[in-house]
2 protein chains.
Amino acid sequence: MAQQERGARSRNLLLKAAAEVFDERGFDSASTTEILQRSGLTRGALYHHFPSKEAIAVALLTTHREALDVPAQSTNVQAVIDLTFAFAFRLQRDPMLRACVRLAVEQSSLRDHAVTPYQQASTAVRELLAQAKEHGELLPGVDLLEAAEMINGTFTGIQVMSRVQTNREDLPERVSMMWRFLLPGLVNPGMIGHLRVTPTPEKTDRSARQTVQA
Amino acid sequence: MAQQERGARSRNLLLKAAAEVFDERGFDSASTTEILQRSGLTRGALYHHFPSKEAIAVALLTTHREALDVPAQSTNVQAVIDLTFAFAFRLQRDPMLRACVRLAVEQSSLRDHAVTPYQQASTAVRELLAQAKEHGELLPGVDLLEAAEMINGTFTGIQVMSRVQTNREDLPERVSMMWRFLLPGLVNPGMIGHLRVTPTPEKTDRSARQTVQA
């Protein structure tokens, strides 16, 4: 049991060190030597957990899923909105998530694996939109798959622009803007005034606590 | 004069070779040696035109501006829409433009220069939107700067997702989808039915001819 715990801890150390290196250098320029130096572990420990640099990146990409959990909200559309603000908040603070996003956005020899985060995000948003549709929150003609792709595509581009222009400092304001433009094509007109398109204060606190514990 | 022409031609050969290499490898992994091999020119010719790899990338980023020219249309909003379809069409076929977009999207030691294409796109779209506003095509409350950032941000993310998922094959369909979702938050309701949110056949032919000539 103690050995298992040590194993899980060293795996986690490797993932965090790799996230930092991928976040800073991208996939192709990242080296396992630098990952080892940052983690303080041996090459033997690395190969015990991951057969290759690619295997570490693939494991990292699956952690992206955690950033897509969202607490229950008054409406399902509000839950989608809050999901994007929580994701933006975490992207500003969590190197693991930043590494996932960089691995997904940039062209590298990682290729097909880069699709994982988009599929996870599309599934998470589509499920919430399906519930929104069932509760009559959406405009009649909205295609769920398209709407999910649109929300994720817009978020992807907005975070790229925010990174280039302000190192992601203005990301929450850009997410607010995104929703002001998207909601009229997505939800029933009567709902728009009742939706909050700014970050939730409580969520901000909770995420901050998680970040400190991590 | 003949010498000037040769100079312009070799500068152009270098830019095209560099575009291919940046498009395939990104900025940091691109080498001037490979750029020289592809261009068939000497290192002396390279340094005559560009003092460094960075200088080539900066010159390439300014060529992005050409992809933002758009012919006159029935309405200014239609001109913005057509601009995005023409840009998408060219992105599928022109390595120079693909290189600009890759240099702008990816994190590299190029840093601040990556902002150039976003500024160019924002200016081009904002000017068209300003004319649209003057002609009463937009919803009353629309902020021109925000709308331009939203259109460019959405396009950026959509082309990233299209590249990851289909090597940009489905980009025109994604641009159609983008406009179906964005127009209700942007233009007067009465206009929506009169706007075409599919590629123009003429534009497609003209761009195809340009590509063949290039």
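Predicted model: local features only at pLDDT ≥ 70, side-chain atom pairs only at ≥ 80, totals over all residues.

Colleague: Let us start with the two chains. How many residues of chain B are in contact with chain A?

Modeller: On the chain B side there are 33 residues, and they are in contact with 33 residues of chain A.

Colleague: Which helices of chain B supply at least two residues each to that side?

Modeller: They are H1 (2-29), H6 (95-105), H8 (144-166) and H9 (171-182) of chain B. H8(B) gives the most, with 13 residues.

Colleague: And how do the residues of that side divide by class?

Modeller: The side of chain B that touches chain A has 17 nonpolar, 10 polar and 6 charged residues.

Colleague: At what angle do H8(A) and H8(B) pack?

Modeller: The angle is about 110°, and the axes are 6 Å apart. H8(A) is therefore roughly perpendicular to H8(B), since angles of 65 to 115 degrees count as such. Their crossing is right-handed.

Colleague: Which residues make that contact?

Modeller: From H8(A), the contact includes A:Asn152, A:Gly153, A:Thr154, A:Phe155 and A:Thr156. From H8(B), it includes B:Gly157, B:Ile158, B:Val160 and B:Met161. By class, the contact of H8(A) with H8(B) has 8 nonpolar, 10 polar and no charged residues.

Colleague: How many residues of H8(A) are buried?

Modeller: The count is 18 of the 23, so H8(A) is largely enclosed by the rest of the structure.

Colleague: What about H6 of chain A: how many of its residues are buried?

Modeller: H6 (residues 95-105) of chain A is mostly covered, with 10 of its 11 residues buried. Among them are A:Arg98 and A:Arg102, as well as A:Met96, A:Leu97 and A:Cys100.

Colleague: Turning to H5 and H7 of chain A, how do their axes cross?

Modeller: The axes of H5 (residues 76-93) and H7 (residues 116-134) of chain A come within 8 Å and cross at roughly 155°. H5(A) is therefore roughly antiparallel to H7(A), as the cut-off for that term is over 145 degrees. The crossing of H5(A) and H7(A) is left-handed.

Colleague: Which residues meet there?

Modeller: A:Asn76, A:Val77, A:Ala79 and A:Val80 of H5(A) meet A:Val125, A:Leu128, A:Leu129, A:Gln131 and A:Ala132 of H7(A). That contact has 7 nonpolar, 2 polar and no charged residues.

Colleague: Now for single residues. Why does B:Ala148 count as buried?

Modeller: B:Ala148 has 21 C-beta neighbours inside 10 Å, and a residue is buried at 20 or more. B:Ala148 is in helix H8 of chain B. Leaving aside neighbours within four places in sequence, B:Ala148 is in contact with B:Ser122, B:Val125, B:Arg126 and B:Leu129.

Colleague: And where does B:Ile192 lie?

Modeller: B:Ile192 lies in helix H10 (residues 189-192) of chain B. With 16 other C-beta atoms within 10 Å, B:Ile192 is partly exposed. Residues up to four places away in sequence aside, B:Ile192 touches B:Leu183, B:Pro184 and B:Val187. The C-alpha atoms of B:Ile192 and B:Glu137 are separated by 9.9 Å, although these residues are 55 residues apart along the chain.

Conventions: Residues numbered from 1 in each chain as written. Chains lettered and ligands numbered in written order. Axes fitted to C-alpha atoms, helices over the stretch in contact; angles between N-to-C directions. Helix = DSSP H or I, 4+ residues; strand = E, 2+ residues; numbered from the N terminus. Parallel < 35°, antiparallel > 145°, perpendicular 65-115°, else oblique. Left-handed = near helix turned anticlockwise from the far one by under 90°. Contact = placed C-beta atoms within 7 Å. Nonpolar A, V, L, I, M, F, W, Y, C, P; charged D, E, K, R; others polar. Buried ≥ 20, exposed ≤ 12 C-beta atoms within 10 Å, placed from the backbone.
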